[in-house]
Amino acid sequence: MRRIQMALMGSTLLAGAFGPQAVMAQDNETTATDDGPVIVVTGRLRGEEALQDVPLAVTVVSPEQLQAQGALTIEDVETLAPNLIIDPVAAGPGGGAISLRGVSFEDIEKSFEPTVGVVIDGVFIGTNTAQLTNAFDFQQVEVLRGPQGTLFGRNTIGGVINIQRSRPTKEFGARGEVTFGNYGRRELNGVLNVGDGDVFGLKVFGYDREFDGFYDNVTLGVDAGSNSNTNIGATLLVEPTSDLEFLITAEYSEIGGDPAVSSLSQDTDVLCIALGAVIPEQCNRDLEDDLYTVFSNELGSIEFDEFAISGQVNWDIGDLRLTSITALRDSDERVIQDFDGSSIPFFQTDRAQDYRQFSQELRLGGEFAPGINGVVGLFYFENEYQLDQTTTLPGGVSVNPMTDHEVESFAIFADADVDLTDRLRLSLGARYSWDDKEFTRTLAPGAVFSNEESWEEFTPRVSLDYDLTEDNLVYASYSRGYRAGGFNGRANSPSAVATSFEPETVDSFEIGSKNSFANGDFIINFAAFYATYDDKQEDVVQATPAGSANPQETVTLNAASAEIKGLEVDVRAQLFEGFSLTASLGLLDADYENFFIDLNLDGDQDPGEDASSRSLRRTPDVTFSIAANYETEVSQNSEIGLNVRFNTTSSYQTTIVAAPGNFGANDPRALHPATSDLSAALTYTFFTGDDSEIYVRVFGRNLTDERGISSALPVAGLFTFGTGIPPRQYGVSAGFNF
């Protein structure tokens with residue numbers, strides 16, 4: 001199998017070495033027609049499709065929506081799509097904990113694939129590190145909910161956030177923006193385009209961001225939680241004929257800062273039991289305002305740099321398009337962190353990681369025959385990482401486990417629409433995946449253990465949609481998602497290294513409707529879904545075998561199954577000239593069907609080992625947002641725009657660790673409280689020409705200054721740490737576009 005895969009990779013690499021993304025020629029989110037504006041979607045890889053014709057739950061976010069509210073990263077998309085949660089992960093540079101329809105992932109260990117895929121310019125990001133990318137150069141963001149293995153190269157069981165950056169315009173032009181805000185925020189963004197207007201185009205882009213952080217470290221007397229992000233790159237576009245285009249993108253990124261955490265330890269944790277008399281003010285703290293005063297004796301640091309290059313060839317052959325995408329990402333990172341969050345040295349880590357991923361996708365999409373439209377593709381993916389971690393324990397004792405991990409995956413996928421009548425359409429999709437992983441864990445000098453395992457899986461999709469009228473579509477679908485098995489990246493015993501966990505699957509059933517009124521000025525879309533989550537991979541703390549160096553360890557097991565159901569509503573309305581509304585509502589009901597933790601390793605479910613009454617992570621019952629945007633002319637050459645956004649999310653758990661003294665409940669310290677966020681931005685724009693402008697924007701986020709737990713993690717009864725919801729932020733931006 002490896003030779004076949006490498007042969008495929010080699011044969012397509014040359015074709016893909018000239019261009020990057022899975023973006024068809026598309027300049028804007030909407031296309032004007034005689035019947036009004038049409039929102040287009042490219043996520044099904046069939047070219048441009050009207051959003052209202054796609055039998056799939058998808059939210060489209062335009063750059064105008066993000067810019068109007070002064071957006072920073074894809075984290076800001078969270079408030080614009082139902083049943084979507086995006087929380088930052090302090091221990092991973094630019095890392096995100098993304099949950100979509102109750103299927104979530106947050107682990108910084110690179111031995112796991114994300115459950116919700118982030119795809120940038122057609123390239124799947126194989127780790128949650130560096131997912132929270134800058135949004136200034138975004139052309140469009142599509143949030144596709146539910147399993148997407150038959151459409152995208154890499155399998156995703158929760159959904160995909162499909163990001164398309166702007167294409168080179170082949171004409172001279174530039175965009176730039178500078179931002180200043182509280183907590184020392186300083187940001188510079190820029191995009192420059194040059195070209196001959198016909199065949200050649202070059203886009204140069206970059207940004208630089210600094211943020212001092214909103215924590216006060218009283219032990220060291222400094223601000224904490226800082227972050228910085230720098231990215232520079234270029235995209236080359238060459239179109240020698242109208243049927244052929246080559247693109248290539250190369251970019252370099254750096255992420256820095258310090259991973260500040262709050263001490264959430266209580267009298268039930270070893271840290272406070274042993275040292276509470278020495279640090280009484282650092283134990284049993286209030287979980288709201290106290291979060292923003294931290295005590296770490298070491299500030300910690302984040303160092304991350306990455307080089308990425310991606311290439312794409314698009315060749316139109318009649319009604320079909322042949323696409324080859326080749327991509328390489330190579331990163332180095334080092335994170336030093338005082339995990340316990342106290343002023344006493346107790347538990348500190350120094351994690352150095354090298355990560356590399358390569359992917360090759362080859363697909364053919366379009367109209368294969370009258371009434372048959374779809375895509376077929378082949379996908380190859382490999383990654384490897386090495387982790388060298390030093391953990392300093394109480395008393396200064398250090399341990400230095402090391403990990404070497406390799407993944408090789410291959411898949412064939414297809415998805416097609418068949419017109420049964422003028423109004424009735426059948427969609428069929430299928431994917432077959434092969435995954436091979438190798439794992440070596442060095443627990444101590446001379447104690448080296450290895451494991452290797454392979455899996456394969458068939459995942460189908462079927463849907464049926466019917467046009468009730470030209471503006472009203474109903475559909476029903478079934479799809480299966482699959483995430484490969486793997487190994488325990490934190491294994492501290494030979495038996496844990498020798499034990500792999502198996503794949504997990506999600507079977508999702510969905511019904512929905514797409515409805516347009518008033519020539520597309522009013523859109524309301526509904527989706528209801530039911531999903532069964534089997535062999536769910538969960539991190540659990542369990543005892544180690546007799547004779548192990550540590551009495552317990554965190555391992556990943558197929559410990560659970562779950563049932564998730566929900567309802568989603570997306571609304572867009574152009575109420576009158578210059579005034580528009582967007583809104584979304586997500587209702588979610590997620591429960592474990594079973595969750596067994598074998599604490600004593602006897603293979604039986606004994607009393608006190610049933611965790612099925614706990615809550616799944618990041619599954620709020622309600623997510624709701626509404627945004628209003630109003631633009632009005634001030635003079636012949638200027639206008640003013642006001643954007644106001646309100647969103648609310650019910651409470652949700654961010655850990656599955658048991659509450660002290662209650663094995664069946666989640667630790668309450670990790671409960672993200674119900675929050676409401678009111679944000680606003682006011683923009684003045686002066687038009688200096690037909691295609692040029694300058695603007696000034698003032699903005700505010702979390703204007704009511706909501707505070708509380710963002711996420712938290714109790715660590716094996718030793719200590720508990722967490723992070724806070726970002727408090728009120730405000731600033732001013734000035735920019736130009738010509």
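A: Asp87, Glu106, Lys536, Glu538, Arg617 and Arg618 are joined in a network of salt bridges. The model is a predicted one. Side chains of opposite charge can pair when their charged atoms come close. By the rule used here, the count reaches 40 salt bridges.

Take Arg145 and Asp570. They form a salt bridge, with 3.4 Å between the closest N and O atoms. Arg145 belongs to strand S10 (residues 138-145) and Asp570 to strand S32 (residues 552-576), so this pair ties together parts that are 425 residues apart in sequence. Both Arg145 and Asp570 are buried.

Next comes Arg186 with Asp212. Their side chains meet in a salt bridge at 3.8 Å, N to O. Arg186 sits in strand S13 (residues 185-195), and Asp212 in the loop between strand S14 (200-211) and S15, so the pair ties together parts that are 26 residues apart in sequence. Arg186 counts as partly exposed because its relative accessibility is 34%. Asp212 is also partly exposed, at 32% relative accessibility.

Then there is Arg669 with Asp269. The closest N and O atoms of this salt bridge are 2.7 Å apart. The pair links distant parts of the chain, 400 residues apart. Arg669 is in the loop between strand S38 (662-666) and strand S39 (671-672). Asp269 is in the loop between strand S19 (262-263) and H3. Arg669 has 3% relative accessibility, so it counts as buried. Asp269 has 2%, so it counts as buried too.

Charges also meet rings. Arg175 lies over the face of Phe136, 4.2 Å from the ring centre. The charged end of Arg614 sits over the ring of Phe663, at 4.5 Å from its centre.

Now the rings themselves. The count comes to 29 aromatic pairs by the rule applied. One of them is Tyr215 with Tyr292, a stacked pair: 6.1 Å centre to centre, with 20° between the planes. It counts as stacked because planes under 30 degrees apart are classed that way. Tyr215 lies in strand S15 (residues 215-217), while Tyr292 lies in the loop between helix H3 (270-275) and strand S20 (293-294), so the pair ties together parts that are 77 residues apart in sequence. Tyr215 is buried at 6% relative accessibility. Tyr292 is buried at 5%. Both also belong to one aromatic cluster, formed by Tyr183, Phe211, Phe214, Tyr215 and Tyr292.

Trp455 and Phe487 make a tilted aromatic pair. Their centres are 6.3 Å apart, and the angle between the planes is 50°. Trp455 is in strand S28 (residues 447-469) and Phe487 in the loop between S29 and H4, so the pair ties together parts that are 32 residues apart in sequence. Trp455 has a relative accessible area of 8% and is buried. Phe487 is buried as well, at 0% relative accessibility.

Ser493 lies in the loop between strand S29 (472-483) and helix H4 (494-498). Its relative accessibility is 0%, so Ser493 counts as buried. The side chain of Ser493 makes a polar contact with the side chain of Ser495, at 3.1 Å.

Terms used:
Residues are numbered from 1 along each chain as its sequence is written. This is a predicted model: local features need pLDDT of at least 70, side-chain atom pairs count only at pLDDT 80 or more; totals for chains, interfaces and linings use all residues. Side-chain values use heavy atoms; hydrogens and water are left out. Helices (H or I, at least four residues) and strands (E, at least two) are DSSP runs, numbered from the N terminus. Buried means under 20% relative accessible area, exposed over 50%, partly exposed in between (1.4 Å probe, protein chains only). A polar contact is a pair of N or O atoms within 3.5 Å; within protein, one must be able to donate a hydrogen and the other to accept it, and residues adjacent in sequence count only if both atoms are side-chain atoms. Rings of Phe, Tyr and Trp (its six-membered ring) pair if their centres lie within 6.5 Å; planes under 30 degrees apart count as stacked, over 60 as edge-to-face and the rest as tilted. A charge sits over a ring if NZ of Lys or CZ of Arg is within 6 Å of the ring centre and within 35 degrees of the ring normal. A salt bridge is a side-chain nitrogen of Lys or Arg within 4 Å of a carboxyl oxygen of Asp or Glu.
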